Amino acid sequence: MIIITTHKGSDFDALASLVAASLLYPDAKPVLPMSINANLKAFLSIHKDMFNFYSSKDIIFEQVKTLVVVDTHSWSRLEGMEPLKDRQDLEIIVWDHHSEGDIETDQKNISETGAAVTILLKEIERQRKLITPIQATLFLMGLYEDTGNLTFPSTLSDDAYAAGFLLDRKADLHILSTFLRQAYGKKQKDILFHMIQKAERREVGGFTISIAKMEIEERIQNLAMVLQMYREIVNVDAAFGIFKDVERNKCMIIGRSNIDEINIGLLMRSLGGGGHPGAGSALLKSVNPDIIEEMLVELISGNQHSSVMLSDIMSYPVVTVSEDTKVDEVAMVLRNLGCTGVPVVDKDECIAGVISRRDFKKVRKSKHMQSPVKAFMSRNIVTIHQGKSAIEAARLMIKHDVGRIPVMKADKIVGIVTRSDVMMYFYDLLPD
């Protein structure tokens with residue numbers, strides 16, 4: 001079985017890419033996430049019968065031989081695909097316009113175009129696939145939404161060519177304008193007015209930025225549009241909105257940039273989100289907005305140092321195990337220490353890997369408990385130099401989804417920083 005899927009919180013580019021990939025893989029089952037944005041929900045309420053979508057609950061994952069992923073290549077952004085993550089026999093094909101992702105495969109079709117559907121359209125044209133007018137309209141919606149009607153700085157000539165290609169195939173601009181029309185009602189006006197009243201411009205790293213913070217009592221649609229208007233009105237190089245949803249205890253961070261030097265997508269990926277050079281967002285649980293503001297300023301300025309250094313918060317001395325230690329002995333060490341993982345070192349006391357309770361899931365047979373820990377440890381080691389700050393440690397934890405990071409000096413482990421250590425300074429920033 002072949003399945004195609006895209007990211008959670010699907011927008012028109014995600015849906016367009018999903019349908020476009022279905023033309024390239026006609027035997028595949030397109031799996032649409034349950035979480036989709038408001039504009040897309042309105043479109044599907046009328047057009048859903050024209051598409052044969054599945055949900056992850058409809059899929060028997062044991063039968064899946066090929067996974068096609070569009071408009072993302074990050075496991076964390078997929079919905080319900082966890083059973084496939086560690087499958088060694090799974091073929092994975094990626095079509096994406098984001099440069100960052102952790103889905104590993106040799107079959108990556110990645111180009112930093114303004115929209116992901118642009119990449120798929122190039123292949124559709126090459127294979128001379130037929131496109132219906134409604135498909136052309138949907139594809140143009142995805143293209144226009146992600147490029148701001150071809151006005152965002154991330155827009156390339158390939159996107160403009162794809163738009164002409166779709167118009168030539170009878171894409172309907174009237175339908176497009178109907179469903180891409182963004183709601184701008186009283187709630188959005190009130191939020192924008194509040195932001196402008198409190199607006200502050202500042203110089204950071206030679207750029208003008210503005211960071212607006214406010215609490216919202218319910219989910220508000222189209223905050224991205226509000227933030228874009230805010231940036232234009234305040235007239236800064238980049239603007240950020242930190243919106244705290246009091247009821248859900250979550251913070252939505254949205255950024256918009258008008259210059260290439262401030263890459264919003266890169267900044268948001270540092271916070272566990274994503275996006276493009278000109279636009280992006282991230283969502284964090286149990287957040288202190290003041291700390292997020294500080295983190296944004298640090299990232300933009302390029303200054304990774306702060307008054308609190310890792311040597312102030314890290315744990316030491318560090319308990320390590322040698323790579324020849326038996327698995328059952330390591331399990332006992334973890335149990336006695338009450339921790340979830342320890343670094344593994346070689347005969348020269350240099351770090352060789354990390355073993356955690358998560359890695360113990362690889363142990364299938366009882367005889368494996370007598371195997372050396374190097375057979376099961378993770379070799380993808382995330383480390384940090386002792387001269388770095390708590391901000392940098394938090395950023396690495398969010399980016400790589402790790403709970404502990406060895407602190408290094410001259411290739412030797414001098415300490416270890418954990419989520420608990422970082423929480424001493426960052427309060428409740430890190431997600432559960």
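This report looks at a predicted protein model, from its overall build down to one serine.

## Overall build

The protein has 432 residues. Its secondary structure consists of 14 helices and 17 strands.

How does the radius of gyration fit a compact globule? For 432 residues, such a globule would have a value near 22 Å. The protein has 24 Å, so the two agree.

## Inside and contacts

Buried residues account for 51% of the 432. Take the contacts with a separation of 6 or more: 66% of them join residues 24 or more positions apart.

## Surface and charge

The accessible surface comes to about 21200 Å². Carbon and sulfur atoms hold 49% of that surface.

The protein carries 51 positive and 57 negative charges.

## A look at Ser56

Where is Ser56? Ser56 lies in a loop.

Is Ser56 buried or exposed? Its relative accessibility is 17%. Buried means under 20%, so Ser56 counts as buried.

Which residues does Ser56 touch, leaving aside neighbours within four places in sequence? Ser56 is in contact with Val31, Phe61, Glu79, Gly80 and Met81.

Note on methods. Residues numbered from 1 in each chain as written. Predicted model: local features only at pLDDT ≥ 70, side-chain atom pairs only at ≥ 80, totals over all residues. Heavy atoms only, no water. Helix = DSSP H or I, 4+ residues; strand = E, 2+ residues; numbered from the N terminus. Buried < 20%, exposed > 50% of the residue type's maximum accessible area, 1.4 Å probe, protein only. Contact = heavy atoms within 4.5 Å. Rg over C-alpha atoms; globule rule 2.2 N^0.38 Å. Areas by Shrake-Rupley, 256 points an atom, 1.4 Å probe, with all protein chains shown as cover. Lys, Arg positive; Asp, Glu negative; His and termini not counted. Charge placed at Lys NZ, Arg CZ, Asp CG, Glu CD.
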